[in-house]
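Hi,

Here is the structure I promised to pass on. Have a look at it first, and then read my notes below.

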Amino acid sequence: MEHIPRILIITHDQNLRETVQALLAFEGYQLQFMEPSQPVFPVLDQIAPDVILMDAAMPDSSERCQALKAHSSWQSIPIILLVPLGNDELWEQGCNAGAD
């Protein structure tokens, strides 16, 4: 049986959700959306994603990224930040927090 890559998307932005859904579901990825207010570790235990897409515009995205990278069970999961075009400050913060 072929492995279907699982992607966890963390965002509160409905437009971003719809865009990601339209782009990635079509390619056959298994998508799991999560509100930033939800605790992340139980969701990780449940779905064991292959990659995490995180909205860098969320107020706690850097802290959440650091927590994920500090946890031995989840530090190897790539975290890709979704950064608004031209927002170098958010991109730099994410990189400093351990985003891939």
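A quick term before we start: a residue counts as exposed when its relative accessible area is over 50%, and as buried when that value is under 20%. Also keep in mind that this is a predicted model.

Let's begin with helix α2, which covers residues 40–47. On one side of the story, V40, V43, L44 and I47 are buried. The background is simple: an α-helix has 3.6 residues a turn, so residues three or four places apart point the same way. P42, D45 and Q46, on the other side of α2, are exposed.

What do the buried residues of α2 pack against? Their partners are the strands β1 (6–10), β2 (30–34) and β3 (51–55), plus helix α3.

Now for α3, residues 61–70: its buried residues are S61, S62, R64, C65, L68 and K69. These cover an arc of only 165 degrees around the axis, which puts them on the same side of α3.

Last stop, strand β1, where you will find I9. I9 is buried, because its relative accessible area is 0%. Leaving out residues up to four places away in sequence, I9 touches V20, L31, Q32, F33, M34 and L53.

Cheers

Note on methods:
Residues are numbered from 1 along each chain as its sequence is written. This is a predicted model: local features need pLDDT of at least 70, side-chain atom pairs count only at pLDDT 80 or more; totals for chains, interfaces and linings use all residues. Side-chain values use heavy atoms; hydrogens and water are left out. Buried means under 20% relative accessible area, exposed over 50%, partly exposed in between (1.4 Å probe, protein chains only). Helices (H or I, at least four residues) and strands (E, at least two) are DSSP runs, numbered from the N terminus. The arc is that of the directions from the helix axis to the C-beta atoms. Contact means heavy atoms within 4.5 Å.
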